[in-house]
Amino acid sequence: MEQRHLGRTGLRVSRIGLGTLTWGRDTDEHDAADQLKAFWEVGGTLVDTADVYGGGEAEYLLGQLVERLVPRRDLVIATKAGSVPDPYRRFNGSRGHLLSALDASLERLGTDHVDLWQVHAFDTGTPLEETLQALDIAVSSGRARYAGVSNFSGWQLAKAATWQLASPGVRTRLASTQMEYSLLQRGVEREVLPAAVDLGVGLLPSSPLGRGVLTGKYRYSTPADSRGASEQLAPFVEPYLDEPASRIVDAVMTAAEGLATTALEVALAWVRDRPGVVAPIVGARNAQQLTAALSVESLRLPDEICQALDDVSAPVHRYPDQDWSTL
C-alpha cells in the first residue's frame, strides 16, 4: 500500500487507515485479529483507536493482538483522549485528564508509546494553551511520537496549529486532524480543509463511506445485519438516508457500473485522493468487508468521474467562502 507523509512531518502512514470503533463491542477478538492481519499483509500501517471506543476495550483488544499477531514496529498506532462519559461535560481537555488518559491508554495497549496522540474534541471549558501543553508533554516525555486533533472546527484548528508554530519554546507541530469527510459530508471543505492545507496539517477522514450508506447497501432497504439496523448505531446512519443522499448514492452506483467496480471503491477512492487528505479511516464489521475496502488501492478515478461526483454532491458554499466580488 502506498505510504503518505502525515501533514508536514516525517511520519509516513498507509493511505488507508484501519478503524477500531466497534472493537470490543460489536467486533470480537477473532474478527479483530482477522482484520488486523489482513490489513498488515497488504502493507497497512495506520491503526486508529480511542480511549472511549468500547469503553477502553478497543485499545485493550488491539494491545492483545500486537506482537502476538503483528510486529509493533510495523504499525502506526493512533489513539485519542478527551471524550468523557459525563452528561454534563462531554469533553475534557484539561492537562491533568489528558495525560492521565494517555497513561491509561498505554497500559491497555501494552506499549510504552503511541505513534499519534489526538485530542478527541475541542473543550470550551479549558484554555486551549493548556490542552496543547499536554501534547507537548506527551511528546517530550516519549509517550507519544506525534500529536494531532480531532473534531476541531476551522477556527479552532487554525488557532491550535498556529499556537504550536508561533508560541515560544519547543512546541509540537500538529501533524493531523481527524474529521468526518465523504461524498455525503463535505462540510470540512468550508474552512477546516483550507486551514489544514495552509498550516501543513494532514486530514484523516472518518466515516469516508458515509457511515456505510455510500456502499449502496441501504439503497432499497436496511439489511438486518447492518449498522443501520442495530439499536445502538441506527441513529448514526439515519441522517444519510434522505433524498439528497439517495441521489448521490445513485451517482456513485452509476460510476461503479461504468468502471466495472463497486460503489464502495468509488466512494473511498474519491475521498482518498482529495487535496489535503492523507488516509481515510475505514471501519469494517469483518475481514471480508475490510478486504473489499482495501482493494481500492489499484483504483484511480478518471477526472470526468471525479467531476461528476463533485457536481452531484457539491455543498452550498457562498459568502464568505466564495470570492465576494463574484457574488
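**Inside the fold: bridges, rings and cores**

Asp-310 has a relative accessibility of 16% and so counts as buried. Buried means under 20% relative accessible area, exposed means over 50%, and partly exposed lies in between (1.4 Å probe, protein chains only). This is a predicted model, where local features need pLDDT of at least 70 and side-chain atom pairs count only at pLDDT 80 or more, while totals for chains, interfaces and linings use all residues. Residues are numbered from 1 along each chain as its sequence is written, and side-chain values use heavy atoms, leaving out hydrogens and water.

Asp-310 has a charged partner. It forms a salt bridge with Arg-274, with the closest N and O atoms 3.0 Å apart. Arg-274 sits in the loop between α9 and β10 (281-282) and Asp-310 in helix α11 (residues 303-313), so the pair ties together parts 36 residues apart in sequence. Helices (H or I, at least four residues) and strands (E, at least two) are DSSP runs, numbered from the N terminus. Arg-274 is buried too, at 18% relative accessibility.

A salt bridge here is a side-chain nitrogen of Lys or Arg within 4 Å of a carboxyl oxygen of Asp or Glu. By this rule there are 20. One joins Glu-189 to Arg-186, at 2.9 Å between the closest N and O atoms. Glu-189 is buried at 18%, and Arg-186 is buried at 8%. Another joins Arg-247 to Glu-243, at 4.0 Å. These two are four residues apart in helix α8 (residues 243-259), which puts about one helical turn between them. Arg-247 is partly exposed at 47%, and Glu-243 is exposed at 51%. Salt bridges also form a network of Glu-2, Arg-4, Arg-15, Arg-272, Asp-273 and Glu-297.

Now the rings. How many aromatic pairs does a search of the whole structure find? It finds three. Rings of Phe, Tyr and Trp (its six-membered ring) pair if their centres lie within 6.5 Å; planes under 30 degrees apart are stacked, over 60 edge-to-face, and the rest tilted. Phe-122 and Phe-152 have ring centres 5.3 Å apart and planes at 80°, so they meet edge-to-face. Phe-122 is in the loop between β6 and α4, and Phe-152 in the loop between β7 and α5 (154-166), so parts 30 residues apart in sequence are tied together. Phe-122 and Trp-155 are also edge-to-face, because their planes stand at 65°, with centres 5.6 Å apart. Trp-155 belongs to helix α5, 33 residues from Phe-122.

Nonpolar residues come next. A nonpolar core is a set of buried Ala, Val, Leu, Ile, Met, Phe, Trp, Tyr and Cys residues joined through side-chain atoms within 4.5 Å. The largest core holds 86 residues, and Trp-23, Leu-36, Trp-117 and Leu-157 touch the most other members. Helix α9 (residues 263-272) gives the largest share, eight residues. Apart from this core lies another, of 12 residues, including Leu-6, Ala-175, Ala-279 and Ile-281.

Is Gln-118 buried or exposed? It is buried, at 0% relative accessibility. Gln-118 lies in strand β6 (residues 114-119). Its side chain makes a polar contact with the side chain of Asp-48, at 3.2 Å. A polar contact is a pair of N or O atoms within 3.5 Å; within protein, one must be able to donate a hydrogen and the other to accept it, and residues adjacent in sequence count only if both atoms are side-chain atoms.
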